[in-house]
Amino acid sequence: MTVAFVCIPSLSLRTFSIKPMSKNLVIVESPAKAKTIEGYLGKDFIVKSSYGHIRDLPKGSESVDVDKGFEPKYVVSDDKKQLVKDLQKAAKAADVVWLATDEDREGEAISWHLYETLKLTEENTRRIVFSEITKSAILKSIEHPRKVDINLVNAQQARRILDRLVGFDLSPVLWKKIKPGLSAGRVQSVAVRIIVDREREIMGFNPEAAFRISGEFALDTATVKAVLNKRFQSEEDAHSFLSECVNAKYSVTSIETKPTTRKPAAPFTTSTLQQEASRKLGFSVSRTMRVAQTLYEGGHITYMRTDSTNLSDLALEHAEAAIGDLYGASYHQKRQFTGKKAKGAQEAHEAIRPSVMAHSDVKGERDVQRLYELIWKRTVASQMADAKLENTTAIIDISTREEVFTAKGQVITFDGFLKLYMEGNDDEGEEQDKDRLPAMTVSQSLDRQRIIATERFTKHAPRYTEASLVKRLEELGIGRPSTYAPTISTVQNRGYVEKREQDGTPRDFRVIQLENSTVEKRIETENTGAERNKLFPTDIGIVVNDFLIKHFDKIMDFNFTADVEAKFDIIAQGQMDWRVMLKGFYVGFKTSVTETSENAERASGERILGEHPEKQKTILVRIGRYGPIAQIGGPDDEEKEFASLLPHQNLETITLEEALELFKLPRKLGELDGKVVVTAIGRFGPYVRYDGKFVSLKKDSDDDPYTITLERATELIKAKIEADAKALIKIFEEDDTVRILEGRYGPYIKAGKKNVTIPKTEDPLTIDWERAQVLIEEHAKKPPRSKGRKKT
């Protein structure tokens with residue numbers, strides 16, 4: 001088999017004969033991708049996986065030598081050393097090594113690290129890229145190889161090094177000035193700021209009430225629904241309006257009908273896929289990307305990290321054929337979207353689309369099927385004809401008032417792309433229904449059925465979901481397709497932001513109704529403030545955010561962060577030296593770090609609530625070592641009392657009365673078998689303590705540490721004892737705190753805080769004390785697990 005290819009630029013165009021017996025080694029990032037590609041290439045190729053990055057910056061201050069031009073000191077992690085040896089052996093046995101990692105900057109960097117670490121040469125190395133894992137795409141990439149693009153690598157290096165320097169220098173300042181164990185990041189901290197700013201906006205929001213007037217009118221056997229063109233600020237004005245409507249006559253003064261069209265949305269980018277999967281499927285951002293990765297590696301979709309909406313000519317042809325087969329030629333309308341595309345060749349040059357348009361579904365897990373169906377529908381719909389609609393607006397006059405009612409209707413005259421797909425939206429406001437209006441004529445009289453004035457309240461801006469945060473980051477130019485998901489995961493894993501639900505609270509609202517000739521008033525109740533899967537800043541997130549804004553305002557500035565992203569794009573185009581870019585940032589940043597570390601005051605989010613009514617001591621709230629706490633006693637008091645805040649409480653809104661309640665814990669509930677049962681709140685939430693055992697009170701239960709009874713606590717304790725007994729396999733006589741238990745992933749040794757996995761080849765019942773000690777010692781020597789490829 002002979003393949004023509006363009007060699008590395010320093011070499012001439014030549015023909016390379018692919019030799020049999022696996023003389024061609026292809027290296028990709030993931031084993032799933034390797035398996036798919038190997039099936040396409042046949043026996044002349046062997047495909048191996050690097051399992052993500054094979055080397056990275058080590059932890060600690062020695063990872064980047066700032067004095068030597070920001071020289072990175074990459075190392076191969078312990079868990080990758082054997083893999084590197086295996087790849088080196090395979091590379092030496094091959095005539096040609098094909099680096100087939102992903103086509104974005106991260107993938108380019110992985111190829112470069114492989115090239116450097118495996119000590120490959122230009123003569124026997126080919127870099128190939130493809131946006132879909134199909135046989136035709138793979139073979140085409142082999143016909144057109146290139147060398148590793150060092151500009152893309154440098155852009156990725158610049159991001160990696162900059163983020164490492166920011167995190168490494170800022171984190172110790174946070175440890176010193178707030179609390180140990182904290183960390184900061186360039187993009188992540190700005191993401192937290194967006195969420196904190198929105199929460200503060202919500203806290204300061206005061207809803208305003210007004211009366212919205214709606215009417216229902218009879219026309220023969222049909223009902224016309226309409227809305228008044230004015231809202232009334234007071235109940236008196238609304239009541240007066242309805243009173244004047246009792247004997248009024250109603251007639252149609254104008255009817256306007258306008259044809260309109262609705263266009264389909266563009267094919268998916270990374271951002272829009274994450275948003276739509278959240279709206280329609282309820283997927284988190286990380287879940288969307290995990291499933292999309294599975295679809296890509298299985299050859300079902302194109303590369304899933306892209307900000308392009310472009311479709312290839314071949315994809316357009318296949319979409320036309322699919323639409324013609326399904327709906328007929330009248331439903332097809334070829335179009336190429338020209339929105340935002342990838343900057344600096346960072347991402348794939350095509351939108352996320354099915355690899356084969358004729359396949360409307362795939363086999364696999366339910367998540368895989370649902371996400372694929374969403375991608376297929378969106379892609380095909382983007383090439384379908386516009387929907388044609390007819391909007392009708394009728395104005396209804398009131399003989400006794402100047403205001404008018406407006407009735408709106410909509411008719412779809414040709415469904416076009418709506419036959420297949422309609423894009424979701426994040427709008428949480430009210431929308432007037434647009435059903436078809438009955439036939440009406442100007443001057444036609446209508447019979448009033450009822451008019452209702454309903455008190456409505458203005459709403460604060462909605463809290464962010466993961467998907468709407470991605471949209472906001474994209475609008476601000478912060479991050480890129482490869483960084484959205486890890487950014488959102490990081491801010492939650494660090495405890496700065498939490499995704500949770502919030503129960504609403506009852507709120508009364510007034511309703512005034514005119515029906516027949518009677519105007520009546522009543523009070524109704526609605527639930528307000530309920531949230532589902534929204535992002536809330538934690539107390540520690542707010543304190544860290546405020547500290548960083550005060551002392552590192554440049555890092556936290558949206559425009560600055562977006563400008564840094566733009567410079568990465570310029571580096572990727574080969575138009576800026578990455579070391580110069582880093583130096584321009586780091587000199588001033590390092591000065592701020594030093595000044596803040598030496599001179600800034602400690603930050604704890606402290607807020608004084610008042611004075612204890614009996615002890616006459618100050619009561620305040622602040623960040624403690626293990627989280628937000630309430631404290632009785634000021635800084636100068638020798639004796640202080642502490643209590644953890646409840647999960648739904650926060651430093652900025654907790655009241656004095658609520659803080660006093662916290663000090664009613666711990667509560668002694670009574671005794672069980674002669675031993676005391678106590679309930680309290682600890683570092684990880686509320687719990688019941690009995691005989692050295694801790695039983696957590698789950699957030700989703702009705703168990704409250706302030707109200708739980710001894711009887712209920714006894715139920716939980718016995719259930720815990722029973723569960724522990726079922727998990728117990730063996731207790732060692734030499735030390736009864738060392739035990740073998742059955743866990744979620746199999747048997748393991750519990751030794752203090754250590755959980756030691758037992759090899760699958762060993763029977764846990766045959767493990768004696770000496771063997772247990774060997775396993776415990778081997779566990780202690782193991783290095784921290786590498787998580788493979790990271791999107792930074």
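**Exercise 1. Which kind of interaction joins the side chains of D169 and K590, and where in the chain do the two residues lie?**

Solution. Step 1: the side chains of D169 and K590 meet in a salt bridge, with 3.6 Å from N to O. A salt bridge is defined as a side-chain nitrogen of Lys or Arg within 4 Å of a carboxyl oxygen of Asp or Glu.

Step 2: D169 belongs to helix α5 (residues 150-177) and K590 to helix α16 (residues 578-599), so the pair links distant parts of the chain, 421 residues apart. Helices (H or I, at least four residues) and strands (E, at least two) are DSSP runs, numbered from the N terminus.

Step 3: D169 is buried, at a relative accessible area of 8%, whereas K590 is partly exposed, at 33%. Buried means under 20% relative accessible area, exposed over 50%, and partly exposed in between (1.4 Å probe, protein chains only).

The model is a predicted one: local features need pLDDT of at least 70, side-chain atom pairs count only at pLDDT 80 or more, and totals for chains, interfaces and linings use all residues. Residues are numbered from 1 along each chain as its sequence is written, and side-chain values use heavy atoms, with hydrogens and water left out.

**Exercise 2. Which residues form salt bridges with D569, and are they buried or exposed?**

Solution. Step 1: R105 forms a salt bridge with D569, and the closest N and O atoms are 2.4 Å apart. Because R105 lies in helix α3 (residues 105-117) and D569 in helix α15 (residues 558-572), this pair ties together parts that are 464 residues apart in sequence.

Step 2: D569 also forms a salt bridge with R480, where the closest N and O atoms are 2.6 Å apart. R480 is located in the loop between α12 (466-476) and α13 (484-493), and the pair links parts of the chain 89 residues apart.

Step 3: R105 and D569 are both buried. The relative accessible area is 4% for D569 and 2% for R480, which is buried as well.

**Exercise 3. How many salt bridges does a search of the whole structure find, and which residues does the network containing R159 link?**

Solution. Step 1: the search of the whole structure finds 52 salt bridges. Side chains of opposite charge can pair when their charged atoms come close.

Step 2: the network of salt bridges links R159, D163, R186 and E565.

**Exercise 4. Which residues form a negative surface patch, and what is the exposure of E770?**

Solution. Step 1: the negative patch is formed by E733, E734, D768 and E770. Patches consist of residues with over 30% relative accessible area and no salt bridge; like charges are joined within 9 Å, and nonpolar side chains (Val, Leu, Ile, Met, Phe, Trp, Tyr) within 5 Å.

Step 2: E770 lies in helix α19 (residues 769-781). E770 is exposed, with a relative accessible area of 52%.

Step 3: for the chain as a whole, there are 122 positive and 122 negative side chains, and the centres of the two sets lie 5 Å apart. Lys and Arg count as positive and Asp and Glu as negative, while His and the chain ends are not counted. The place of a charge is taken as NZ of Lys, CZ of Arg, CG of Asp or CD of Glu.

**Exercise 5. Which residues does H113 touch, and is H113 buried or exposed?**

Solution. Step 1: H113 is found in helix α3 and is buried, with a relative accessible area of 2%.

Step 2: leaving aside residues up to four places away in sequence, H113 touches H53, I54, R55 and Y74. Contact means heavy atoms within 4.5 Å.

**Exercise 6. What backbone features are found at P666, Y51 and D691?**

Solution. Step 1: the peptide bond from L665 to P666 is cis, with omega near 0°. P666 is in the loop between α17 (656-662) and β23 (667-672).

Step 2: Y51, a residue other than glycine, has a positive phi near 55°. Y51 sits in the loop between β4 (45-49) and β5 (64-65) and is partly exposed at 45% relative accessibility.

Step 3: D691 is not a glycine, yet its phi is positive, at about 50°. D691 lies in the loop between β25 (685-690) and β26 (693-696) and is partly exposed, with a relative accessible area of 41%.

Terms used:
Accessible areas come from the Shrake-Rupley method with a 1.4 Å probe; for residues, only the protein chains shown count as cover.
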